[in-house]
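Open the structure in your viewer and keep the selection panel at hand. The stops below go from one selection to the next.

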Amino acid sequence: MAKDPIGEAKPNCVLVLQGGGALGAYHIGAYQALSEGGFEPDWFSGISIGAINAAVLAGNQPADRLAKLEALWHAISWPEVLVPLKQLPLEIWHNNLSNAAALMFGQPAFFTPRPVSPFVAPPGNPSTVSFYDTAPLRETLRDLADFDLINSAKVRLTLGATDVATGDMVFFDNTKEGPFGPEHVMASGSLPPGFPATKVGDRYYWDGGCVSNTPLEAILEDQPKGHTVVFMIDLWGAAGQLPGTINDVFWRAKQIQYASRTWTQVDAVASKVNLRHAVRLLRKQSIAEVDKAVPDDLYIDETRRLDIVHITYQPGKDQIPNSDAEFSRSSIAERRAAGYADMRSALEAQPWKHVEKPAHLAAIVHRVRHGKVMTDTEPNLHGAEIGAQVTPARKVANE
């Protein structure tokens, strides 16, 4: 395990990237700040656009990762025809135009509209029943990710997808699966009905977000030994203002739909880890009922600690209800800058170092909000004023 400048062992670093389409440009800045801070991930986990970003990162050497991720987003976006002036109505108009172009023409190196609408097309196989064809993405992934490197498993990669036949979440993992290929990445991002199901082996898969938009559960199933810090980059915020227009209604509804399950999942994972820790403490006291009733796989090593740093994208006022399908380069740059600033806030605060872990806990959740890091010292409080510690952190703009 690497050492930091003051001689302390660095924790295991896991980067979890949530799905959210074009909002995934936020991941660029978050990774950039993380890398600059000396935290190259040991494990990448992603769903949907998060899976695509994670595959490009895991499929390159650390020195090349940022450049390849930048190349991905440059390739899948159209050049700006009109650079929007910094006036809110014009920015909103520009973003709506960009979204309309994506729906009509697709995105280069990513997806193209099918020549015949699936409503009138004859029945086909699951790989063709959709509004768009994602074949261009396969070549993009081959160009930008080294799958031989991914299959060497020097860095762990876990991607979540939904088995269409069973409806179950499935995790593809390069330390457990056979040869990893572009199809595993595409399966995680096959969001219906826009994109078709992707065949992997003899089964078909849809976007992992059909079940859960955040692949945090995979970390729980195989928590690394020692201290682990999970940076969970969330593209949907649960908190927001009351909608005043119909566009606001669409935007808030979409945010709540995807964000609410994320909050629940984060707390559920932390609670499960803490339950295992509690079971270990009880077993240590030689309580016979615990030894008899609890299977061995529920016990957690006493040396293990899990800090979940939950960082959530806060959209600007220019964002539109369909921002997840709005790939303009100006919006990509804006989201990237936001991801950079928010990750810098977390790294400046370093709550996994400065917040003392209560003896009865093995997992702690830290949430980055508006330049501050709030730590939940009791489960399921969502950073409420009661039972929370606040660590100030200064936001730094992307340079």
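Which residue of strand 8 does Asp163 stand opposite? Select Asp163 and look across to Tyr205 in strand 8. Strands here are DSSP runs of E with at least two residues, numbered from the N terminus, as are helices (H or I, at least four residues).

This is a predicted model, in which local features need pLDDT of at least 70 and side-chain atom pairs count only at pLDDT 80 or more, while totals for chains, interfaces and linings use all residues. Residues are numbered from 1 along each chain as its sequence is written, and side-chain values use heavy atoms, with hydrogens and water left out.

Next, select residues 156–163, which form strand 5; 8 of its 8 residues are buried (under 20% relative accessible area; exposed is over 50%, partly exposed in between; 1.4 Å probe, protein chains only). Show the side chains: Arg156, Thr158, Gly160 and Thr162 point one way, and Leu157, Leu159, Ala161 and Asp163 the other way.

- Strand 2, residues 43–47: parallel to strand 5, over 5 bridges. Gly46 has Leu159 as its bridge partner.
- Strand 6, residues 169–173: antiparallel, with 5 bridges. Ala161 stands opposite Val170. In the hairpin, 5 residues lie between the strands, and Gly167 has a positive phi near 80 degrees.
- Strand 8, residues 203–207: antiparallel, with 3 bridges.

Last, select Cys13 and Cys210. Cys13 is buried at 2% relative accessibility, whereas Cys210 is partly exposed at 37%. The whole structure has 0 disulfides (pairs of cysteine sulfur atoms within 2.5 Å).

Key:
Two strands pair if DSSP finds at least two bridges between them.
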